[in-house]
Amino acid sequence: QVQLVESGGGLVQAGGSLSVSCAVSGGTFSIYAMGWFRQAPGKEREFVSRISRTSLRTYYSDSVKGRFTVSRDNARNTVYLQMNSLKPEDTAVYYCAADPNGLEGSVRYDEARKYNYWGQGTQVTVSS
C-alpha cells in the first residue's frame, strides 16, 4: 500500500521561506510523477506544482511561479517543495500526491483526479 507522509509545515512571517517534504513508501517512487496541492479554509484544493519521474519537467501554478521550487530525490523516495517569498495568501494545508500514469490520458496534470495517492497534508501558515 502506497503511503505519503508530508512534513515540514509551520508558521512563518510574510517574506520568509519554508520547505515541506513528502516521503513515499510502499511503492516504487521512481515511477510516480509527484504533485503538490494546497487547500485554504473555505476554498477548493488547488494545484501548486508537479515534477516528473526523472525531474526533467516541472510545472507550477501562476501564483507560485518564481517563488516555489519542486525537487525530488529518488534514492530517498522523497519530494520537496521549497517555498520562498511567502505571502499570507499561501496559507493552506499542503498535500503531496502521486501519479503513476504520467502525462498519458485526458486528465490534466493540474487536476486532483490525476493523482492516485495522497498524503494527509501539512499546515503552512504565513503571518502578515
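A salt bridge is a side-chain nitrogen of Lys or Arg within 4 Å of a carboxyl oxygen of Asp or Glu. The whole structure holds eight of them.

Before you start clicking: this is a predicted model, in which local features need pLDDT of at least 70 and side-chain atom pairs count only at pLDDT 80 or more, while totals for chains, interfaces and linings use all residues. Residues are numbered from 1 along each chain as its sequence is written, and side-chain values use heavy atoms, leaving out hydrogens and water.

**Stop one: strand β9.** Select residues 92-99. Strands (E, at least two residues) are DSSP runs, numbered from the N terminus. Seven of the eight residues in β9 are buried, meaning under 20% relative accessible area; exposed is over 50%, and partly exposed is in between (1.4 Å probe, protein chains only).

**Stop three: charged pairs.** Show R38 and E46, whose side chains form a salt bridge (2.5 Å, N to O). R38 is buried at 5% relative accessibility, whereas E46 is partly exposed at 34%. Next, select D90 and R67, another salt bridge at 2.8 Å, N to O. These two sit 23 residues apart in the chain, D90 in the loop between β8 and β9, R67 in the loop between β6 and β7. Finally, display R38, E46, R67 and D90 together: a network of salt bridges links them.

Technical notes: Helices (H or I, at least four residues) and strands (E, at least two) are DSSP runs, numbered from the N terminus.
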